[in-house]
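Hi,

Here's the structure I promised to pass on.

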Amino acid sequence: MDGCIFCKIVDKQIPSRIVYEDDSILAFHDIDPKAPVHVLVIPKQHITSINEVTQENSQVIAHIFATMPKIAQQLGIKDSGYRVVVNCGKDAGQAVNHLHYHVLGGRSLTWPPG
Ligand code: AMP
Ligand code: ZN
């Protein structure tokens, strides 16, 4: 997707601190972390938001969740706990229009989010 910053990260046109990569997904450290551990997990294919998830492309979503425990283990937060957040659209403050899962941990997180 032209101009998409996360597609550029997938293509390695923009550097990132990658923590996990396979054929269909990528996980990398957020550039502006909101917790001691703040990683973004994205599908390599461009999906704009949750609103664009369909039966046809949803296999990668299952794969992201199936891989999340391995990523959390690698980051040292699997047992202490972590939060997975997806912002969708304007009211949620979605800033990057390429579907991404925030994985936050390494401290006690407050609830509810703002
Ligand atoms: P959201 O507000 O849910 O769209 O989240 C976008 C996230 O992407 C924010 O937490 C940003 O800090 C993060 N971000 C933006 N650009 C980069 C980048 N080049 N590398 C890593 N994280 C980024
Ligand atoms: Zn993209």
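Predicted model: local features only at pLDDT ≥ 70, side-chain atom pairs only at ≥ 80, totals over all residues.

Residues are numbered from 1 along each chain as its sequence is written, chains are lettered from A and ligands numbered from 1 in the order in which they are written, and side-chain values use heavy atoms, with hydrogens and water left out.

Ligand 1 to start with. There are 16 residues around it, and D30, N87, A95, H100 and H102 come nearest (a residue is near if one of its heavy atoms lies within 4 Å). By class, that shell has eight nonpolar, six polar and two charged residues; Ala, Val, Leu, Ile, Met, Phe, Trp, Tyr, Cys and Pro count as nonpolar, Asp, Glu, Lys and Arg as charged, and the others, Gly among them, as polar.

A side-chain N or O atom of H100 lies 2.9 Å from a ligand oxygen, and for a polar backbone atom of G93 the distance to a ligand oxygen is 3.1 Å. Taken alone, ligand 1 exposes 500 Å², and the protein buries 85% of that (Shrake-Rupley areas, 1.4 Å probe). Two elements give two or more residues to the shell: α1 (5–10) and β2 (25–29). The largest share, three residues, comes from α1. Helices here are DSSP runs of H or I with at least four residues, and strands are runs of E with at least two.

Next, the aromatics: the structure holds two pairs (ring centres within 6.5 Å; planes under 30 degrees apart are stacked, over 60 edge-to-face, the rest tilted). F6 and F28 sit edge-to-face, 5.4 Å centre to centre with 80 degrees between the planes. F6 is in helix α1 and F28 in strand β2, so this pair ties together parts 22 residues apart in sequence. Both F6 and F28 are buried (buried is under 20% relative accessible area, exposed over 50%, partly exposed in between; 1.4 Å probe, protein chains only).

The other pair is F65 and Y101, with centres 5.3 Å apart and planes at 85 degrees, so it is edge-to-face too. F65 is partly exposed at 42%, whereas Y101 is buried at 5%.

Lastly, T67 in helix α2 (residues 59–75) is buried at 3%.

Cheers

Terms used:
Polar contact = N/O pair within 3.5 Å; in protein donor to acceptor, adjacent residues only side chain to side chain. Phe/Tyr/Trp six-rings, centres within 6.5 Å; stacked < 30°, edge-to-face > 60°.
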